[in-house]
Amino acid sequence: MKASKLVSYLLVRLGSLFVFVAVLITACEKQDSSNASVASTPNIKLIADNLVSPLSVVEPPDGSKRLFIVDQVGKVWIVGADGVKLPTPFIDLAGKMVNLSAGYDERGLLSMAFHPNFKNNGKFYLFYTALPRTGGPQPGVNWNNLTRISEFKVSAANSNLADLNSERAILEEDHPQSNHNGGTIAFGPDGYLYISIGDGGGSNDNGAGHVPDWYTVNTGGNGQDLYANLLGNVLRIDVDNGNPYSIPADNPFVGTNAKKEIYAYGFRNPYRFSFDMGGAHQLLLGDAGQALYEEIDVVTKGGNYGWNVKEGTACFSTDNNMQTRASCPLTDTAGKPLIDPVIELKNAANPAGGVTVVVVGGNVYRGSELPELQGVYIFGNYSQDGRANGKLYKASPAASGMWAYEDLKLKDFPTDLGMFLKGFGQDLSGEIYLAASGVQGVSGTSGKIYKLFADN
Ligand SMILES: [Ca+2]
Ligand SMILES: [Ca+2]
Ligand SMILES: [Ca+2]
């Protein structure tokens, strides 16, 4: 080998070595950067479409990796493990429900929960709006509808079909007006079924079917009343004992004259709530406000969340719901503090500059797609101003006081979703889903389910 050839040979070998070392360094840097949780790019991808008014997504605890989609019209649709929506709905309850208004309606099939032991007992639960019973809250006024939570079983022959005839009504409550149905059901980490029910509807927690409570400065008050009905509460019942259910022994009003199903009270329209899959398994709830404030609450056993004494952190006035009162009680007559929200947003009608028509309670992210969102509460804005421009927020839970929150920016939707945001869902891996549609009402086929994912 000539000297010149030897030199060039060595240069080539050294060059290869350099390239090899450079690749090693780059690989190490990549390794380091993933460990150091460099922010990924949140985006949403389509999971199912051609829905009417989807409100939630639930995964059954049976290992099937299916997703069940609740459509307000009364149908539950299944998306299989292969990502394909089945052509036949799991169940269709429309024949058992009130007729819904195409333009706008808060009634219908509002949520679904699987029994924790669904894999073995095939039981699941639906919250829906049935035809009203005869009679009404006062002479000459009929009930608008009947809230019904029922147990059903999956068909013995086909795990993708429910047995409609297996219905066992668990809990029913007469509802005076069409709105404020609440409408979430979920099993807590304690195995009990939690149910959110609104104040009965109308406005200001007033009118037929809204009883007077301890706070006589404001008229009405199903939110504060604990005796006359189940409205304005989060309830907790044991569906595995009793017929049709029993009261958990440590429910807060056991041994009193109050309704023993009540777990927490003082809500206006607790439309969506969820349990954190991790951490302390907190119950996080979005309560829709009247005219000025929207709120997210951390719900604890026996807690009083203020309505209709307070709207958010403000003192509410039934004399004029656009003006707060200068002061109001800090506690109820039982000495319970009126618990303020952890997040408060100004309602779109707030003259001080509103941001949302209604807040939509979401879920704490516990998935693996977006590590930087681990433990972050994702919630939503149904619409900023009445148009199809809902959006997402993210909030960092704080040990005390108000939680900081900001927009959760999505790659393909940098300003808003271009849709009405109607609800959330979470699979058993902790990933989060959105339910949205292009219209406010229960009509059309613009309803879609999206999954939050890292688009990078
Ligand atoms: Ca009152
Ligand atoms: Ca009540
Ligand atoms: Ca409140």
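**Close-up views of a predicted model**

**View 1. Four strands form an open sheet in the order S20-S21-S22-S23, with antiparallel pairing.** The model is predicted. Strands S20 (359–364) and S23 (404–407) are the edge strands; each has a single partner strand, so one side of each has no neighbour in the sheet. On average, neighbouring strands of this sheet are turned by 25° against each other, direction ignored.

**View 2. Strand S21 pairs with strand S22 in the antiparallel sense.** S21 covers residues 377–381 and S22 covers residues 391–396, and five bridges join the two. One residue pair to locate here is Asn381 and its bridge partner in S22, Lys391.

**View 3. Ala208 lies in the loop that links strand S11 (193–197) and strand S12 (233–237).** Ala208 has 18 C-beta neighbours inside 10 Å and therefore counts as partly exposed, since a buried residue needs 20 or more. Apart from residues up to four places away in sequence, Ala208 touches Pro137, Gln138, Val141 and Pro176. Ile432 is 224 residues from Ala208 along the chain, and the C-alpha atoms of the two are separated by 39 Å.

**View 4. Gly221 is also placed in the loop between S11 and S12.** Gly221 counts as buried because 25 C-beta neighbours lie inside 10 Å. Between the C-alpha atoms of Gly221 and Leu231, which are 10 residues apart along the chain, the separation is 9.6 Å.

Definitions and conventions:
Residues are numbered from 1 along each chain as its sequence is written. Chains are lettered from A and ligands numbered from 1 in the order in which they are written. This is a predicted model: local features need pLDDT of at least 70, side-chain atom pairs count only at pLDDT 80 or more; totals for chains, interfaces and linings use all residues. Two strands pair if DSSP finds at least two bridges between them. Axes are lines fitted to C-alpha atoms, for helices over the stretch in contact, and angles run from 0 to 180 degrees between N-to-C directions. A residue is buried if 20 or more other C-beta atoms lie within 10 Å of its own, exposed if 12 or fewer, and partly exposed in between; C-beta atoms are placed from the backbone. Two residues are in contact if their C-beta atoms, placed from the backbone, lie within 7 Å.
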